[in-house]
Amino acid sequence: MADVPEEVGDMSVLRLLSLLFRLVAIGLVVASPWLPPTKMASHARSVVFVVDRSASIGQGGLEVANEYLARAWRRPHDGARLGVVAFDGRAELVAPVGTAGPPVVREGPQPSSSDLAAGIRLAIASLPTEGHRTIVLLTDARPTRGDPGLEVRRAAAAGIRVDVVPIEG
């Protein structure tokens, strides 16, 4: 039988395999920015309450909303992480998702206007990107600026559930 040379040119078979492996590794590194990211499914639950603090709900409505928040934190919520956004003429993150205790929402700096759309946008931004996500609106639904319908549709398109608890002023 004829002997099969172990070397091709000046390179051994082992060197060819090593070179091939390195080229594949470099190719993966170069292609990685274009590969889709992998996400692991999450069963975590996150809820952000969006509280209207405009003058239209008044002090009584604000007290009702604060009591609702206190009950939500006291009630067992199966490990859901809770947060709060408050809005009047502008939205403010009052309690980030995962806050241990219920915050107290107070009157804001712009009570004569109501930007519910900004509150929903901030709630969407404050939620994690994965898991079961819910926004609960505590409002009289009388915005004076913004398009809350558009923001609710954006939330729904992102897989975020939006619930409404009417607060009378």
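**Entry 1: V48**

I started at V48, which sits in strand 3 (residues 45-52). Strands here are DSSP runs of E with at least two residues, helices are runs of H or I with at least four, and both are numbered from the N terminus. Before going on, I noted that this is a predicted model: local features need pLDDT of at least 70, side-chain atom pairs count only at pLDDT 80 or more, and totals for chains, interfaces and linings use all residues. Residues are numbered from 1 along each chain as its sequence is written, and side-chain values use heavy atoms, with hydrogens and water left out.

Is V48 buried or exposed? V48 counts as buried because its relative accessibility is 1%. My cut-offs are under 20% relative accessible area for buried and over 50% for exposed, with partly exposed in between (1.4 Å probe, protein chains only).

Next I listed what V48 touches, with contact meaning heavy atoms within 4.5 Å. Leaving aside neighbours within four places in sequence, the partners of V48 include V84, V97, A123, S126 and I135. V97 lies 49 residues away along the chain, yet its C-alpha is 6.9 Å from that of V48.

**Entry 2: the whole chain**

I stepped back to count elements and found four helices and seven strands. Their order from the N terminus is β-β-α-β-α-β-β-α-β-α-β. Of the 169 residues in the protein, 33% are buried. Taking contacts between residues at least 6 apart in sequence, I see that 75% join residues at least 24 apart.

**Entry 3: A72**

A72 is in helix 2 (residues 58-74). I noted A72 as buried, with a relative accessible area of 7%. From A72 to F49 the C-alpha distance is 9.7 Å, and the two are 23 residues apart in sequence.

**Entry 4: helix 3 against helix 4**

I then looked at how helix 3 (residues 116-126) meets helix 4 (residues 148-157): their axes come within 8 Å and cross at roughly 20°. That makes helix 3 roughly parallel to helix 4. For this label the angle is under 35 degrees; over 145 is roughly antiparallel, 65 to 115 roughly perpendicular and the rest oblique. The axes are lines fitted to C-alpha atoms over the stretch in contact, with angles from 0 to 180 degrees between N-to-C directions.

Which residues make the contact? Helix 3 brings L116, A117, I120, R121 and I124, while helix 4 brings P148, E151, V152 and A155. I sorted the residues of this contact into seven nonpolar, no polar and two charged. In that sorting Ala, Val, Leu, Ile, Met, Phe, Trp, Tyr, Cys and Pro are nonpolar, Asp, Glu, Lys and Arg are charged, and the others, Gly among them, are polar.

In helix 3 I found L116, A117, A118, G119, I120, A123 and S126 buried. Their cover includes strand 3, strand 4 (81-87), strand 5 (91-95), strand 6 and helix 4.

P148, E151 and A155 are the buried residues I noted in helix 4. They cover an arc of only 60° around the axis, so they lie on the same side of helix 4. That arc is taken from the directions running from the helix axis to the C-beta atoms. Helix 3 and strand 7 (160-166) are among what covers them. On the other side of helix 4, R153 and A157 are exposed.

**Entry 5: positive phi**

A141, in the loop between strand 6 (132-139) and helix 4, has a positive phi of about 55° although it is not a glycine. After helix 4 comes G159, whose phi is also positive, near 85°.
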